[in-house]
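Please look through the structure shown below.

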Amino acid sequence: MRRASAIEKETEQIVTVEGLTNVFESIASTQVARVKNKVELSKEFFQLLWQRYTSLRVDPGARITSRNADSERTKTAFIVISAEAGLSGDIDLRLIENMLQSYDPKTTDVIVLGSHGAQQLQQRSVPYTHFFKVPETDSYIDVSPVIEGIKSYAKVVVYYEEYVSLGVQDIKTIDLISTIREMSEDADEDVMTAEDTIFEPSLDEIAEQMEETMMMMALSQTILESGLAQAASRFNAMALAKKRASEMISDYRLEFHRAKRSESDRRLREVMVSLKGKRKRQGVRR
Amino acid sequence: MKHQDQSITLNVIARAPFEVYYEGDAKSVSAINAVGPFDILPGHADFFSILSEGDVIIETGSNPVTFSVTNGIITVRDDQVMLFANM
């Protein structure tokens with residue numbers, strides 16, 4: 001059995017860990033509450049904007065995704081939106097594993113957002129063409145460099161984390177270009193044409209700018225949504241770590257009391273033995 | 001050009017991604033696009049425009065709602081105005 005003083009020292013360390021997980025759990029909980037409200041507002045905004053965007057009809061040949069034709073036009077880009085830091089449970093791991101199921105290095109380039117995802121890819125020796133930091137913010141970030149980087153790809157699939165509830169976060173994918181194109185073509189919204197609507201500037205110019213705006217908004221939305229899912233995952237990971245630390249503290253305290261009792265029993269035995277020996281020696285003298 | 005009736009008001013939704021500037025009835029909406037400043041009144045033709053940087057003023061009948069935009073989109077359809085700002 002280990003010494004009680006050693007167990008006591010380890011218990012103190014676990015108490016510190018329990019305190020830290022408690023703090024991280026509270027921070028994550030606050031972050032979830034704050035970001036959730038913004039995600040909901042932003043979703044409503046996006047849906048309203050989508051409704052208007054889908055009323056536009058333009059020639060598919062003039063689309064943003066049909067321009068910049070070059071040799072890379074046959075390739076696919078995977079955008080992986082991960083957390084900037086660790087301590088967010090296994091959600092980034094699931095994200096990368098999900099992405100790797102469809103990954104073909106010959107036809108696919110990976111663009112990673114977030115240091116944690118980049119680190120996970122490096123560990124698996126998966127190369128990525130671009131890396132972007134995701135600032136710890138609950139506002140939209142400027143995604144124009146990402147949009148600029150994906151214009152030359154035939155297909156762009158975004159892998160992101162979706163907040164379902166505090167306890168459940170899913171991995172989702174969205175085909176950015178196809179979604180923007182198809183939803184615009186299949187929309188229920190009445191068509192706004194140059195015959196019945198005044199467009200300033202022209203319909204083509206508006207459509208071109210709207211398409212880029214919608215792609216930026218869709219990407220920003222997924223980044224924001226991922227941030228919420230990561231905060232929820234962090235909350236769960238910290239709650240689990242706190243529970244585990246509490247259980248360990250109980251076990252350690254039990255072990256500590258056993259060790260204490262054992263040490264005290266041993267000391268008592270030693271005293272008894274020494275007393276017996278003393279008596280024996282005294283008896284011999286008599 | 002549609003006939004303007006004083007009793008008809010616009011239904012306005014003015015939002016940024018994380019902010020609702022105004023939602024409700026209004027008498028007019030004023031903003032700026034590449035052509036210059038413009039006003040939307042009830043009965044305005046269907047309209048779709050990209051906003052330029054500047055102030056947007058929504059006349060609600062009581063206190064006007066004013067906010068600044070750096071970019072945005074405004075659409076008018078059957079007296080419903082949707083304004084999306086600061087994207």
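The paragraphs that follow treat the contact between the chains and then a pair of helices.

The model is a predicted one. Where chain A and chain B meet, 20 residues of chain A and 17 residues of chain B take part in the contact. On the side of chain B that touches chain A, at least two residues each are supplied by strand S1 (10-16), strand S5 (47-51) and strand S9 (80-85) of chain B. S5(B) gives the largest share of that side, four residues. Sorted by class, the residues of the side of chain B that touches chain A comprise twelve nonpolar, three polar and two charged.

S5(B) also takes part in strand pairing across the two chains: three bridges join S5(B) to strand S6 (residues 198-200) of chain A, and the two strands run parallel. Within this pairing, B:Phe47 in S5(B) is the residue that A:Ile198 stands opposite.

Attention now turns to chain A itself. Here helix H2 (residues 91-100) packs with helix H3 (residues 115-123) at an angle of about 55 degrees, and their axes are 10 Å apart. Because angles from 65 to 115 degrees count as roughly perpendicular and those under 35 as roughly parallel, this angle makes H2(A) oblique to H3(A). The crossing in which H2(A) passes H3(A) is right-handed.

Which residues make the contact of these helices? H2(A) contributes A:Asp92, A:Leu93, A:Leu95 and A:Ile96, while H3(A) contributes A:His116, A:Gly117, A:Gln120 and A:Leu121. In the contact of H2(A) with H3(A), four residues are nonpolar, three are polar and one is charged.

How values were computed: Residues numbered from 1 in each chain as written. Chains lettered and ligands numbered in written order. Predicted model: local features only at pLDDT ≥ 70, side-chain atom pairs only at ≥ 80, totals over all residues. Contact = placed C-beta atoms within 7 Å. Nonpolar A, V, L, I, M, F, W, Y, C, P; charged D, E, K, R; others polar. Pairing = 2+ DSSP bridges. Axes fitted to C-alpha atoms, helices over the stretch in contact; angles between N-to-C directions. Parallel < 35°, antiparallel > 145°, perpendicular 65-115°, else oblique. Left-handed = near helix turned anticlockwise from the far one by under 90°.
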